Amino acid sequence: MNSEENQGVFDPEEVTLALTRISASGVLGSKSRIQKLLQYLVKMEIDGQGDRLKAFTIATEVLGRGNDFDPSTDSIVRVEVNRLRQALEHYYNTQGAEDPLRIEIPKGTYRPKILATEPDLSEPLPPEASTAAPTARGSRHWRWGLTFASFALLAALVLALKPDFIPGLSDKARTLDRTHLLDQNAITVAVLPFRNLTASLHSSQLSSGLGKELRSSLSKNQALSLITGTPLGEGADLPALMRSGQMAYFVTGSVQEFSGALRVAVELVDGQSGEIVWARTYHQESRQLEAFRDSFVSAVSSDLRPQFYSASKRTIAAKDPDDLSAWELYLMATWAPGEAISTLEWEKERVELALRSVALRPEFGQAHAVLADKLVYLAAVDPPSNSSDILEEARHHAQVAHELASNDADVLFNLAIHHWHIGKIEQATRSMARVLELDPNHVLARILVKTFPYTCVAPPDSILQEAIAYDAALASDNPVRWVTLTWLSMLHLNRGELDLALAAEQRTHQIFQTPDTTLRMAALLSGLDRIEDAKDLIAAQRRNWPNIDPAHFAEVTMPRRCHETAEASRTLLLYEKLAGNSRSD
């Protein structure tokens, strides 16, 4: 890969050609702000003014903000530069892999780097996929980023597909059969047969049919379109299959046996670029093969869900918002662990995305469900967003969503969160139970259906221990842990275990912070007589949530959330104490 030494002074015509290639590729979208932004950043750098590329300059000279722009409360520059950064990464992983110049915007800066590409042909291929540790989204072209095992598995898929699917051949059979065809832009996934890497009966029995079982499990998630019924055929080549755009992602896997123990490696691979998006190795936990098979399918399905959503959002974020379909707008409006930005502006942008989705497709229940969730969330944490009109609008969208898509697990999940925010805890729990009936491996529903009933009351030991065990079973890098840890904090708080609740909330804040979690931590600090620490915490959050108000949370949000529960007094008193301490300034 390129090093900083590659950066130098380039002929302006070369840079212009590089910008033209990027623009012509379509990755920046049409009528796109990030297209104008890229031109501006590169011109400033070439003109020797790269040191002027600060948030204020970019906001006022490119993004239309006025002289009152404040980057601490307005995240537009961070958001747009991140969109541009992702678009460039996507371009150089696909169409621009062979470009002689590469334009990068390193994280932590707005100054672009212009690099001369030099393919490193001497670099060895990475180790075999079965030994891979969990990896982040890579940046290499598929020829260098795929492990040997991944390449073999992907090649096996190519041999299992008709050559008619490859662009340039007959249009007659180009479209593969898919499940849940909600939209041509839905998340399309091909699960390959799992490869047996050791000649043992044990590993052979486990690998046989494992891919089909995983595909069956994933198909219960209606946000995914699983490739089905791929017939045998020969003659297709892997790069052409990737370029065909038929699969957004491949799931590959292999099984090995070591001294009687089984190890199953799984990788999620970008279907166009061949990047490894995510990888994990699972070890046999039971000597009973069927028990391990069931637990494996459940664990992988749960682990893959947030990865599919997050990876898809990163791809969509690189597009021009004006060009997005109703499906893409809906997906960008949804909350996914690890991909959100906790600011009032960002959340309001999610509402706007969902509204645009509904405008494009009025009978799209998924978008209505997101609106129902988002509107009541803002009513809970942003006092100006709390009005009878907004609550009625949220209720309307919830009703429409249920009428249009009552058997969609993601719709019911968003409706359950909607019910939870307005204090309909019993209805929220019933909706979450229905989510699990439709999608038994829904990673969030599996914990929330247990904890929802204890939103405002002390849970028994059995529920607390189950929540602790569930959190401990998740991989340390699983973004879902933000949810499990914040619920552990709530459960401890409701039992009066303030020190334990604070410890869990502090771990939550290492992953993500919201007004809800901030006010909970502040309430815990206040309850422990750390009043100044509580005030400092809230003051820091006002940079992103200018209207955050302990009094609103104590007098409106928590009573609304707890109104079905007669035993909520201890929890409510804790927030009332925080509000009282905040007024004493």
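Me: How are helix 1 and helix 4 oriented to each other, roughly parallel or roughly perpendicular?

Reply: Two packed helices are described by the angle between their axes and the distance between the axes. In this predicted model, helix 1 (residues 12-25) and helix 4 (residues 76-93) pack at an angle of about 90 degrees, and their axes are 11 Å apart. The two helices are therefore roughly perpendicular to each other. On the helix 1 side the contact is made by Arg21, Ile22 and Ser25, and on the helix 4 side by Leu88, Tyr91 and Tyr92. Sorted by class, the residues of this contact are four nonpolar, one polar and one charged.

Me: At what angle do the axes of helix 8 and helix 10 cross?

Reply: Use the angle and the distance again. The axes of helix 8 (residues 210-218) and helix 10 (residues 289-317) cross at roughly 50 degrees and come within 10 Å. That angle makes helix 8 oblique to helix 10. Their crossing is right-handed. Helix 8 contributes Leu210, Glu213, Leu214, Ser217 and Leu218 to the contact, while helix 10 contributes Arg293, Phe296, Val297, Val300, Ser301, Leu304 and Phe308. By class, this contact of helix 8 with helix 10 has eight nonpolar, two polar and two charged residues.

Me: How many residues does the largest nonpolar core have?

Reply: In soluble globular proteins, nonpolar side chains tend to be buried together. The largest nonpolar core here has 85 residues, and those with the most contacts inside it are Val251, Val264, Val266, Phe296 and Phe308. Helix 10 supplies the largest share of this core, 11 residues. Apart from this core lies another, of 42 residues, with Ala398, Leu448, Ala467 and Leu488 among them.

Me: Which residues does Val251 touch?

Reply: Leaving out residues up to four places away in sequence, Val251 touches Val189, Ala190, Val191, Leu192, Leu214, Val266, Glu267, Leu268, Leu304 and Phe308. Two of these names have come up already: Leu214 and Leu304 are part of the contact between helix 8 and helix 10.

Me: What share of the residues in the chain is buried?

Reply: Buried residues make up 56% of the 585 residues in the chain. The chain has 24 helices and eight strands. Of the contacts with a separation of 6 or more, 66% are between residues 24 or more positions apart.

Me: Take single residues next. Is Ser357 buried or exposed?

Reply: The cut-off for buried is under 20% relative accessible area. Ser357 has 0% relative accessibility, so it counts as buried. Its place is in helix 12 (residues 344-360). Ser357 touches Ala326, Leu329, Tyr330, Phe364 and Ala367, with residues up to four places away in sequence not counted.

Thr508, in helix 20 (residues 498-511), is also read this way. Thr508 is buried, with a relative accessible area of 0%.

Me: Where does Gly423 lie?

Reply: Gly423 lies in the loop between helix 15 and helix 16 (425-438). At 0% relative accessibility, Gly423 counts as buried. Beyond four places away in sequence, Gly423 touches Arg560, Arg561, His563 and Glu564. Gly423 and Cys456 are 33 residues apart along the chain, and their C-alpha atoms are separated by 9.9 Å.

Me: What does Ser406 touch?

Reply: Ser406 touches Ala401 and Leu412, not counting residues up to four places away in sequence. Ser406 is in the loop between helix 14 (388-404) and helix 15 (409-421). With 28% relative accessibility, Ser406 counts as partly exposed. A separation of 9.9 Å lies between the C-alpha atoms of Ser406 and Ser431, which are 25 residues apart along the chain.

Me: What is the phi of Asp529?

Reply: Most residues other than glycine have a negative phi. Asp529 is not a glycine, yet its phi is positive, about 65 degrees. Asp529 is found in the loop between helix 21 (515-527) and helix 22 (531-541). With a relative accessible area of 56%, Asp529 is exposed.

Conventions
Residues are numbered from 1 along each chain as its sequence is written. This is a predicted model: local features need pLDDT of at least 70, side-chain atom pairs count only at pLDDT 80 or more; totals for chains, interfaces and linings use all residues. Side-chain values use heavy atoms; hydrogens and water are left out. Axes are lines fitted to C-alpha atoms, for helices over the stretch in contact, and angles run from 0 to 180 degrees between N-to-C directions. Helices (H or I, at least four residues) and strands (E, at least two) are DSSP runs, numbered from the N terminus. Angles under 35 degrees count as roughly parallel, over 145 as roughly antiparallel, 65 to 115 as roughly perpendicular and the rest as oblique. Contact means heavy atoms within 4.5 Å. Ala, Val, Leu, Ile, Met, Phe, Trp, Tyr, Cys and Pro count as nonpolar, Asp, Glu, Lys and Arg as charged, and the others, Gly among them, as polar. A crossing is left-handed if the near helix is turned anticlockwise from the far one by less than a right angle, and right-handed if clockwise. A nonpolar core is a set of buried Ala, Val, Leu, Ile, Met, Phe, Trp, Tyr and Cys residues joined through side-chain atoms within 4.5 Å. Buried means under 20% relative accessible area, exposed over 50%, partly exposed in between (1.4 Å probe, protein chains only).
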